[in-house]
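Subject: Model handover

Hello,

Here is the model for you to look over. Please open it next to this email and follow along.

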Amino acid sequence: MSIDEATGLLHDGLTRDGRAGVSWAFFPGAGGGATLWEPVAKRFSGTVTALPDAESVPAMADALEASLLLMPAPRILVGNSLGALVALECAQRVPVAGLMLLAAGWEFPVSEELIHRVEAKGPAMFPETARRCVGPDAPPEHLTAVVADFESRETGTMARHLRAIRDHRPRIDPAVAQPTTLVLRGGFDRSVSLRDHIALTERTSGALVPVGSAAHMPFVDHAEEVVRWLEHLRAIVVRGQG
């Protein structure tokens with residue numbers, strides 16, 4: 001599907017209900033637990049799976065593949081940051097009808113300096129990281145929620161996940177039918193550049209969706225806007241199945 005076709009469907013796709021028969025899987029980002037995605041996932045009867053504590057995206061996809069195959073088709077995968085890379089890799093292995101990739105690039109740099117800081121500071125790094133994850137107008141309780149979500153994971157998970165991002169080289173399997181893809185980018189995302197979001201959009205033949213004042217976790221402080229785009233994506237997928 002071209003970007004123009006996808007954009008056209010976004011305008012009229014909600015004329016169909018699109019609720020029944022779609023399976024949803026939500027994947028958080030580096031060092032993240034399941035708590036932040038839960039309110040959104042519940043509205044779609046979806047499952048949130050914290051990423052395995054592994055140092056490569058293929059290893060994470062290996063661990064998730066069997067459970068995804070158990071989900072009834074059509075499947076929609078939603079991933080944030082590292083979760084977006086894992087969702088894209090899973091879509092090369094399991095038939096997937098839709099992808100929403102948030103705060104991610106085709107490849108996006110992670111410096112050794114950042115990894116060393118995360119390792120050295122441990123949980124003391126979480127408040128600083130949380131401030132990069134939400135927009136400048138986010139209320140304090142959102143920062144608290146992000147920190148608590150990071151704290152739910154085993155010590156060292158974030159550093160290992162950052163290495164997975166650093167080392168990953170995404171792929172598109174030409175033998176696999178690719179899903180309809182939306183790439184969401186917050187205007188205040190300081191972790192992944194606009195250029196990298198555009199590269200991901202082009203490589204996946206997707207549509208780039210700006211979420212103005214959001215940062216690296218739009219689903220935390222711009223949940224309603226993310227939900228609306230998930231509903232658009234669901235309608236497109238259901239229409240495509242008809």
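Below is what was found, from the whole chain down to single residues.

First, the ground rules. This is a predicted model, where local features need pLDDT of at least 70, side-chain atom pairs count only at pLDDT 80 or more, and totals for chains, interfaces and linings use all residues. Residues are numbered from 1 along each chain as its sequence is written, and side-chain values use heavy atoms, with hydrogens and water left out.

**Whole chain**

The chain holds 11 helices and 6 strands. Helices (H or I, at least four residues) and strands (E, at least two) are DSSP runs, numbered from the N terminus. The C-alpha trace spans about 50 × 35 × 30 Å along its principal axes.

Of the 242 residues, 53% count as buried. Buried means under 20% relative accessible area, exposed means over 50%, and partly exposed is in between (1.4 Å probe, protein chains only). The chain exposes about 10500 Å², and carbon and sulfur atoms supply 54% of that area. Areas come from the Shrake-Rupley method with a 1.4 Å probe; for residues, only the protein chains shown count as cover.

**Strands S3 and S4**

S3 covers residues 75–80 and S4 covers 98–102. The two run parallel and are joined by 5 bridges. Two strands pair if DSSP finds at least two bridges between them. Ile76 has Gly98 in S4 as its bridge partner.

S4 is mostly covered, with 5 of its 5 residues buried. Both of its faces are covered. Gly98, Met100 and Leu102 are buried on one side, Leu99 and Leu101 on the other.

**Backbone points to check**

Most residues other than glycine have a negative phi, and most peptide bonds are trans.

- The peptide bond from Ala73 to Pro74 is cis, with omega near 0 degrees. Pro74 sits in the loop between helix H3 (57–69) and S3.
- Ser81 has a positive phi, near 55 degrees. Ser81 lies in the loop between S3 and helix H4 (82–90). Its relative accessible area is 4%, so Ser81 is buried.
- Ala103 also has a positive phi, near 55 degrees. Ala103 is in the loop between S4 and helix H5 (112–121). At 1% relative accessibility, Ala103 is buried.

**Helix H8**

Helix H8 (residues 157–167) is largely enclosed by the rest of the structure, because 8 of its 11 residues are buried. Those buried include His161 and Arg163. Where do the buried residues of H8 pack? They pack against H3, H4, H5, helix H6 (126–133) and helix H7 (140–151).

**Lys42**

Is Lys42 buried or exposed? Lys42 is exposed, because its relative accessible area is 67%. Lys42 lies in helix H2 (residues 38–43). Glu119 is 77 residues from Lys42 along the chain, and their C-alpha atoms are separated by 33 Å.

Best wishes

How values were computed. Contact = heavy atoms within 4.5 Å.
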